[in-house]
Amino acid sequence: MSEPVQGERPPRVLVADDVADVVEALRLLLKGAGFSVLQASSPAGVEAAVAGEDMDVALLDMNYARDTTSGAEGLDLLSRVRAIAPDLPVVVMTAWGSVAGAVLAMKRGARDYVEKPWQNDRLVSILRVQVELRRASSQAALLGAQSMREHERALPELVAVSKAMEPVKRLIERVAASDANVLITGEHGTGKEVVARWIHAASLRAHRPFVPVNAGALADGVFESELFGHVKGAFTDAKTDRIGCFELADGATLFLDEIGTMPPGQQAKLLRVLETGEFQPVGSSRTRRANVRTLSATNVAIAEEVSRGAFREDLLYRLNTVEVHLPPLRDRPEDVVALGSHFLRRKAERYRKPITGFDGDATTALLGHSWPGNVRELEHVIERAVVLTEGTTIAIGDLHLRRPASEGPALERMTLADAETYLIRRAIERTGNATAAAEALGLSRSALYRRLSAMGIRVPE
Ligand SMILES: Nc1ncnc2c1ncn2[C@@H]1O[C@H](COP(=O)(O)OP(=O)(O)OP(=O)(O)O)[C@@H](O)[C@H]1O
Ligand SMILES: [Mg+2]
């Protein structure tokens, strides 16, 4: 956290709390971090400052009356500040453990919150992100409509229509335009790299390269030369100079993939470079500088890695100024259908097959599957089905969905009708005949047949 926020002048922050010691501690912290600090100790003081001064971000305490911790006065103040300066990002401070208060504040338009007692690094980085977001959005507004359209055309395809992905889309849209470092988490195959490419393509660095590096799988001997480059003769195999990823990503975006499994020694070296922006190619004594925005991705639970000492907390803070978590595909049923159709169109075109869609059973089966391999698995399943299908629609048999040994389907996310279809189908698959299936389902044979014919399913007698 050593470099000041980039920009022409230091960012101005308003700090408001009715406890003088708190204001003083914050003033010292933020001044040290490169902010210029305005102070207020009462709601009236805050309103006067917001009305009279130009500032980039406000950090407001939510509790003013000494005898209450309800935060009601703070919430009113927040609304008044939003009315005076709608574009001013406000970060609120809430009492520790008062998540409900923070949620209320976010609903009233606060951009973020910190709990007291605060963590210095975290607080500074939250304020910086807000300053950067604000500057980026005014810069983006300056880009003409024409260039914005060109910008959008270049975005990679990111299919996301589900409820679960709504907050993710909002977050990446907001964060893209900033220079904030983003950590993207999620299970294997959830689309972390797609999201990283999307963020880069929507950022102000889009005209510069996106430089991916598999940071979790580099041997110690290779790590430094891959990231920082080397000069000819630095070691036996160094026949020529080599430019490292940091230099390639100067003014651009560095994508550190699989960051969660990076060995400790490499973490320390990476942290140092991220803190100083300086590095030396292997075998060279000349220091180089690079202005790099990092996007990183991991599918390991990184907080756990931190608590068991396998991942450095200070490095995590560097990388996850903003964290984007991608939900697993089984929690995004609407995306299963949308992505399935998307891949179907793409693969049908590629293999020149006149396939137009899925039949009803195939759709039910796609929704019933638990997708342990997430979007990547879905893509492979559709590709295989497109290759195998002889008709113009994909049927359930073309999908070859393997039933996972343990995990059941996402029943609680199905409609009643889909769940019924699914359970009936499973019973028939399991037992192999209608009589045993009816018994297993607690139905008479004729009741089962009525349901089957309503579903358009024929079964072996
Ligand atoms: N939302 C999406 N829209 C379109 N395609 C997607 C989407 N999400 C994932 N994909 C596709 O699914 C595949 C896997 O995505 P990606 O490589 O981004 O996953 P990942 O999370 O990085 O996986 P891993 O953890 O295994 O590295 C890619 O082919 C990608 O194009
Ligand atoms: Mg990946």
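Modeller: A residue is buried under 20% relative accessible area, exposed over 50%, and partly exposed in between, judged with a 1.4 Å probe and the protein chains only. Thr392 is partly exposed, because its relative accessible area is 46%. This is a predicted model, in which local features need pLDDT of at least 70 and side-chain atom pairs count only at pLDDT 80 or more, while totals for chains, interfaces and linings use all residues. Residues are numbered from 1 along each chain as its sequence is written, chains are lettered from A and ligands numbered from 1 in the order in which they are written, and side-chain values use heavy atoms, with hydrogens and water left out.

Biologist: Where is Thr392 found, and which residues does Thr392 touch?

Modeller: Helices (H or I, at least four residues) and strands (E, at least two) are DSSP runs, numbered from the N terminus. Thr392 is found in the loop between α16 and β14 (393–394). Contact means heavy atoms within 4.5 Å. Not counting residues up to four places away in sequence, Thr392 touches Pro354, Ile355, Thr356 and Gly357. The C-alpha atoms of Thr392 and Phe358 are 8.8 Å apart, although 34 residues separate the two in sequence.

Biologist: How many helices and strands are in the protein, and what percentage of its residues is buried?

Modeller: The protein has 20 helices and 14 strands. Of its 461 residues, 44% are buried. Among contacts with a separation of 6 or more, 72% join residues 24 or more positions apart. The accessible surface of the protein is about 22900 Å², and carbon and sulfur atoms hold 52% of it.

Biologist: Which residues of the largest nonpolar core touch the most other members?

Modeller: A nonpolar core is a set of buried Ala, Val, Leu, Ile, Met, Phe, Trp, Tyr and Cys residues joined through side-chain atoms within 4.5 Å. The largest one here has 28 residues, of which Leu227, Phe246, Leu254, Leu256, Ile259, Leu270 and Phe311 touch the most other members. Elements giving two or more residues to this core include β7 (210–214), α9 (220–228) and β8 (253–257). Helix α11 supplies the largest share, four residues. Beyond its neighbours within four places in sequence, Leu270 is in contact with Leu227, Phe246, Leu256, Ile259, Met262 and Leu315. A second, separate core holds 23 residues, among them Ala196, Ala297, Val322 and Leu326.

Biologist: Is Phe228 buried or exposed, and in which helix does Phe228 lie?

Modeller: Phe228 lies in helix α9 and counts as buried because its relative accessible area is 4%. Leaving aside neighbours within four places in sequence, its contacts include Phe223, Phe246, Val273 and Pro281. Its C-alpha atom is 9.7 Å from that of Glu278, 50 residues away along the chain. Glu305 touches Gly260, Val300, Ala310 and Phe311, not counting residues up to four places away in sequence.

Biologist: Which residues come nearest to ligand 1?

Modeller: A residue is near a molecule or strand if one of its heavy atoms lies within 4 Å of it. There are 16 residues around ligand 1, and Val159, Gly189, Lys192, Arg376 and Glu379 come nearest. A polar contact is a pair of N or O atoms within 3.5 Å; within protein, one must be able to donate a hydrogen and the other to accept it, and residues adjacent in sequence count only if both atoms are side-chain atoms. An oxygen atom of ligand 1 lies 2.9 Å from a polar backbone atom of Gly189, and an oxygen atom of the ligand is 2.6 Å from an N or O atom in the side chain of Lys192. Of the 630 Å² of accessible area that ligand 1 has on its own, the protein covers 85%.

Biologist: Which backbone angles deserve attention?

Modeller: Most residues other than glycine have a negative phi, and most peptide bonds are trans. Arg352, which is not a glycine, has a positive phi of about 50°. Arg352 lies in the loop between α14 and β13 (357–358). The peptide bond from Lys116 to Pro117 is cis, with omega near -5°. Pro117 lies in the loop between β5 (112–116) and α5 (120–142).

Methods
Areas by Shrake-Rupley, 256 points an atom, 1.4 Å probe, with all protein chains shown as cover.
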